[in-house]
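Subject: Structure handover

Hello,

Here is the structure I promised to pass on. Please open it first, then read the notes below.

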Amino acid sequence: MSAITLNQLSKTFEYYKKEPGLRKSFSNLFKREKLHKEAVIDLSFDINEGEIVGFLGPNGAGKTTTLKMLSGILHPSDGEASVLGYTPWERKKEFKRQFSIVMGQKNQLWWDLPASDSFELNKLIYDLDDTEYKRTLDELVELLGVSEQLHVQVRRLSLGERMKMELIASLLHRPKVILLDEPTIGLDIISQSKIRQFFKTYNKTYNTTILLTSHYMRDIEDLCSRTMIINHGQLVYDGDLKSVNDVIGSWKLLKIQLSAPVSELSLNGYGKIRSRSELEVVFELSKHDVLRKSKEILDHLPVIDFTIEDIPLEEGIAILYEKGGLPHAQ
Ligand SMILES: Nc1ncnc2c1ncn2[C@@H]1O[C@H](COP(=O)(O)OP(=O)(O)OP(=O)(O)O)[C@@H](O)[C@H]1O
């Protein structure tokens with residue numbers, strides 16, 4: 001059964017051009033140029049109950065705008081959407097009781113109070129009965145391992161602990177659909193992994209539908225069997241992550257720090273040079289070659305430090321475009 005359905009959903013923002021300088025700002029008061037930005041264009045998709053879907057795209061692609069429309073924060077310019085049978089922007093009480101949005105960059109907890117006080121407030125807002133509230137809270141606190149921090153002022157918590165409290169606040173009313181916008185942003189690797197594990201267990205236990213945006217490929221890899229990619233407001237891919245990964249994961253970036261500058265000539269023949277400064281070079285290497293080429297580079301150049309990294313998702317998507325390699329592009 002479908003939990004989220006979008007039918008040609010679009011959002012165009014209208015805003016006024018602001019020119020720099022006091023004089024221009026003053027003249028803008030009388031004569032303003034209206035601009036338009038098509039943030040989301042004719043977006044259509046279906047997400048089934050219990051699915052965890054990754055929603056990817058470069059900066060400014062339209063992900064947050066879509067999530068804001070699905071949560072009823074924004075009205076679309078055109079098109080339709082249904083979440084659990086409700087039109088989100090009608091903001092019906094029954095809809096809000098079954099739905100939650102978590103934005104990694106925004107917080108809902110009271111900064112100067114312990115998280116437990118904010119939870120009590122949510123209990124009242126969602127009109128939860130005492131036993132149900134207590135049971136859910138105990139379970140979430142245990143799953144996330146934050147019993148020690150429950151009564152500590154939120155501003156004294158670490159970023160990871162705070163995020164876990166934010167999650168509890170968003171899940172106390174046991175939503176059936178959760179939109180996660182960058183839930184692991186800024187967290188260290190261990191906290192990221194704990195939060196992923198938590199959502200895996202949570203989804204399995206309650207068959208919750210989750211739409212997740214993240215710039216961290218690991219989040220998507222670990223949690224989502226299906227991935228949608230949006231670019232310039234349009235859906236450009238809807239399918240499994242493996243096909244995307246096969247293309248993006250075919251390259252690695254080898255970043256080296258040099259103890260002394262080297263000539264252009266001595267860098268030739270190892271692989272494509274992505275960027276270069278006096279004492280730092282970034283090579284783009286094929287996954288199959290990365291060990292052999294790295295060894296050659298370390299043997300022949302005055303390397304004092306190096307890292308091997310995945311290609312950032314944004315760049316990976318750009319490469320997919322260049323190579324026309326989006327397998328199920330719509
Ligand atoms: N209120 C607004 N007025 C005008 N333009 C806007 C407004 N909000 C967003 N935009 C523009 O709409 C486009 C989509 O923005 P959106 O925040 O949805 O992107 P995103 O995919 O979430 O990006 P990121 O990964 O950087 O968060 C961007 O070009 C953005 O500048």
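**Around the ligand**

The shell around the ligand divides into 4 nonpolar, 6 polar and 2 charged residues. Here Ala, Val, Leu, Ile, Met, Phe, Trp, Tyr, Cys and Pro count as nonpolar, Asp, Glu, Lys and Arg as charged, and the others, Gly among them, as polar.

A word on the source. This is a predicted model: local features need pLDDT of at least 70, side-chain atom pairs count only at pLDDT 80 or more, and totals for chains, interfaces and linings use all residues. Residues are numbered from 1 along each chain as its sequence is written.

The ligand is surrounded by Phe13, Tyr15, Lys37, Ala39, Gly57, Asn59, Gly60, Ala61, Gly62, Lys63, Thr64 and Thr65. A residue counts as near a molecule if its C-beta atom, placed from the backbone, lies within 6 Å of it. The elements giving two or more residues to this shell are β1 (2-16), β2 (34-48) and α2 (63-70). α2 gives the most, with 3 residues. Helices (H or I, at least four residues) and strands (E, at least two) are DSSP runs, numbered from the N terminus.

**Helix α5**

Helix α5 covers residues 130-144. At 1.5 Å a residue, its 15 residues should span 21 Å, and its end C-alpha atoms are 21 Å apart, which agrees. The expected span is 1.5 Å times one less than the number of residues.

Its buried residues are Leu137, Leu140, Val141 and Leu144. Seen down the axis of α5, they fall within an arc of 100°, so they line one face of the helix. The arc is that of the directions from the helix axis to the C-beta atoms. Buried means 20 or more other C-beta atoms within 10 Å of the residue's own; exposed means 12 or fewer; partly exposed is in between, with C-beta atoms placed from the backbone.

The face turned away from the buried side carries the exposed Thr131, Lys134, Arg135, Asp138 and Glu142. Gly145 follows α5, with a positive phi near 65°.

**Strand β5**

In β5 (residues 99-103), 5 of 5 residues are buried. Phe99, Ile101 and Met103 lie on one side, Ser100 and Val102 on the other. β5 runs parallel to β6 (residues 177-181), and 5 bridges join them. Strands pair if DSSP finds at least two bridges between them. Val102 has Leu180 in β6 as its bridge partner.

**Overall**

The protein has 12 helices and 13 strands. Buried residues make up 33% of its 330 residues.

Best wishes
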